[in-house]
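This report covers the pockets, cavities, ligand shell and strand pairing of one protein model. Please keep the sequence and the structure open while reading.

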Amino acid sequence: MPVSEAIKLPKNTYQAALENFELAANMLELESDIRAIIKYPERILEVSLPVRMDNGHILRFEGYRVQHSTARGPAKGGIRYHPNVTLDEVKALATWMTWKCAVVNIPFGGAKGGVTCNPKDMSQGEVERLTRRYAASILPLIGPEQDIPAPDVYTNAQTMAWIMDTYSMTKGYPIPGAVTGKPISLGGSLGRNEATGRGVFYTIMSACEHLKIPIKGARVLVQGFGNAGSVAANLLHEIQARVIAVSDSRASIFNNKGFNLPQLIAYKEKTGQVLGLPGSEEIRADELLALDCEILIPAALEDVIDGENAPAVKAKILAEAANGPVTPEGDAVLENKGVFVIPDILCNAGGVTVSYFEWVQDEQHLFWEAQDVYNRLERVMKTSFAEVLKLHLDRKLSMRVAANMLGIGRVAEAVKIRGLYP
Ligand code: NAD
C-alpha cells in the first residue's frame, strides 16, 4: 500500500457524520422521535468472502452493505474497494447518501457497500471472483426496487457489469436496473462515467458566479486525480481555468503555468500515475493543500483536511468532490478563514443524479442522448446549489449545515408523511 494512503486512516468518519446530523437537526428543531428514526442505518449486512487467489490459496475478505434509509425510495449507493474500508466508514458513507439524494431531490434513500481489500495488488481474475462472491452475498438486499449499487473508489463500470451479471444469473434473465454506472452496452447511461466530475464543475461555476470569481485563469488544485477529480479538472481546463497541481495515491505534481489536461489524462491512463509527467515538478502531499489558489478540489478520501492542516489552506472555494474530506475541526477553521465550502452532499451529487437517470432509462427501456443527460444534470445541480445557497444566506449558516438541513428536512418530511413511527 502506498505510504500516502496508509497515513490518512479515518479517525472516526461515522462520528463526524453523526455530529453534522445533530448540528442540522438542531437548526431544524427536529423532534427527538423523528431524529431517532432517521439518524441510524435501517439495515446492516456484514459478509465473509472466501476467494480463490491465482496461487491456488483461498483468502477471506470482509465486506459490508449498509442501507441507511429507504424513507424516500429504494436505497442507493456505491461500492468501495479499499484497504481502509471499515463498517463505520461504510455507515458514514451510507448516511451521507441519504441526505445527498434528498438534497438533489431524487426518489432514493441512501446506502453504501465496501470490501476491505487492495484491488491494486490483485489480478483482474481475482477482482472478478471477489466481486461475484460479494454480489452473491449481498443478493438478498439488492435489486432495482430495493437497493441499487454503483461504483465508488477503486470500482468501475466493469465491476458493475460483474454484479449485474451475477444478480441476473440468479433470476434467469437480464436485469440491467440492478446496478448503475454500468457499461453503455449493458444498459448504462451516456454521461454517467463523467457525471460526478461534471456535477462538481457545475457547482464550482455557480460558486464562482456567486462570489464573483472569474473562472478564466482561476488556479485549481486537485487532490485525487481519479474519476471525479480528473473529469472536474478537465471541464475547468476547457473553460480556461488553470489546473496547477494534482495528486494521486503515489505522488503530487505541480506546474505553475497549468497542466495540459488531455495530455495529463493520457499520461495517467498510460502509466497509471501522475508522477513523471513531462514539465511537472513533484511536491509533497501537504504542500499541495497549502498552495495559493482560487479552487481546491479534494477528490480522494475522507478526513484529509482537519484541524491541523486547515489553517494552511489558501483556497477561496473548496469543492468537495470526495465524500467527507473535511473533519468537523477542519470545518470550523475553514469557516473562520472565510473559505466557501461546497459540501460533498451537494458538490458530488452529480454521480447519483445520473445514476437515477440511468435507472429511469433502464426501467423504461428508452435511452437518452448525452446532451439530454447533461442538460438535466445541469438543471438539477444548479437548482440544488441555489436552494442550499439561499438557506446559507437567509439563515446565516455554513453551506454544510444548509445542505444538511435541506436533505435531512426532506427525509424527516417523508418519514412523517409515511407515518413510519408509532
Ligand atoms: P477513483 O478510484 O476513480 O479515484 C480516486 C483517486 O484518489 C485515485 O486517483 C487515487 O490514486 C487517489 N488517491 C487515493 N488516496 C489518495 C491520497 N491519500 N492522496 C491523494 N490521492 C489519493 O475514485 P472516484 O470514484 O473518483 O472517487 C473519489 C471520491 O469521490 C471518493 O470520496 C468517492 O466517494 C467520491 N465520489 C465518487 C463518485 C463516483 O461516481 N465515482 C460519486 C460521488 C462521490
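Which elements each supply at least two residues of the lining of the second largest pocket? They are H2, helix H11 (328-337), strand S12 (340-342) and H15.

## Basis of the values

This is a predicted model, in which local features need pLDDT of at least 70, side-chain atom pairs count only at pLDDT 80 or more, and totals for chains, interfaces and linings use all residues. Residues are numbered from 1 along each chain as its sequence is written, and side-chain values use heavy atoms, with hydrogens and water left out.

Helices (H or I, at least four residues) and strands (E, at least two) are DSSP runs, numbered from the N terminus.

## Second largest pocket

A pocket is an open set of points on a 1 Å grid over the protein atoms alone, with protein on both sides within 12 Å along at least five of seven lines; a cavity is a set of points where a 1.4 Å probe fits but cannot get out; lining residues have an atom within 4 Å of a point. Grid points are joined across faces, edges and corners, and a volume is the space filled by probe spheres set on the points.

The second largest pocket has a volume of about 310 Å³. It is lined by 15 residues, of which Asp331, Glu335, Ser398, Met399 and Arg400 are the closest to its centre. H11 provides the largest share of this lining, four residues. By class, the lining has eight nonpolar, four polar and three charged residues. Here Ala, Val, Leu, Ile, Met, Phe, Trp, Tyr, Cys and Pro count as nonpolar, Asp, Glu, Lys and Arg as charged, and the others, Gly among them, as polar.

## Cavities

There are two cavities of 30 Å³ or more. The largest cavity holds about 110 Å³ of space. Its lining has 14 residues, and the closest to the centre are Asn20, Trp96, Gly324, Asp344 and Arg400. Two or more lining residues come from each of helix H2 (13-28), helix H12 (344-347) and helix H15 (399-418). H2 gives the most, with three residues. The lining of the largest cavity divides into six nonpolar, five polar and three charged residues.

## Ligand shell

The ligand is surrounded by 25 residues (a heavy atom within 4 Å). Asp152, Thr196, Asn227, Ala228 and Asn323 are the closest. The shell has nine nonpolar, 10 polar and six charged residues.

A side-chain N or O atom of aspartate 152 is 2.7 Å from an oxygen atom of the ligand. For tyrosine 154, a polar backbone atom is 3.2 Å from a ligand oxygen atom; for glycine 226, a backbone N or O atom lies 3.4 Å from an oxygen atom of the ligand. On its own the ligand has 830 Å² of accessible area, and the protein covers 91% of that (Shrake-Rupley method, 1.4 Å probe). Helix H1 (3-6) and helix H8 (227-238) give two or more residues to the shell.

## Strand pairing

Two strands pair if DSSP finds at least two bridges between them. Strand S1 (residues 43-52) and strand S2 (residues 58-69) are antiparallel, with 10 bridges. Valine 51 has leucine 59 in S2 as its bridge partner, and leucine 49 stands opposite phenylalanine 61 in S2. S1 and S2 form a hairpin with five residues between them, and glycine 56 in the turn has a positive phi of about 95°.

S2 also pairs with strand S4 (residues 110-116), in the antiparallel sense over seven bridges. Here arginine 65 has glycine 113 in S4 as its bridge partner.

Definitions and conventions: Polar contact = N/O pair within 3.5 Å; in protein donor to acceptor, adjacent residues only side chain to side chain.
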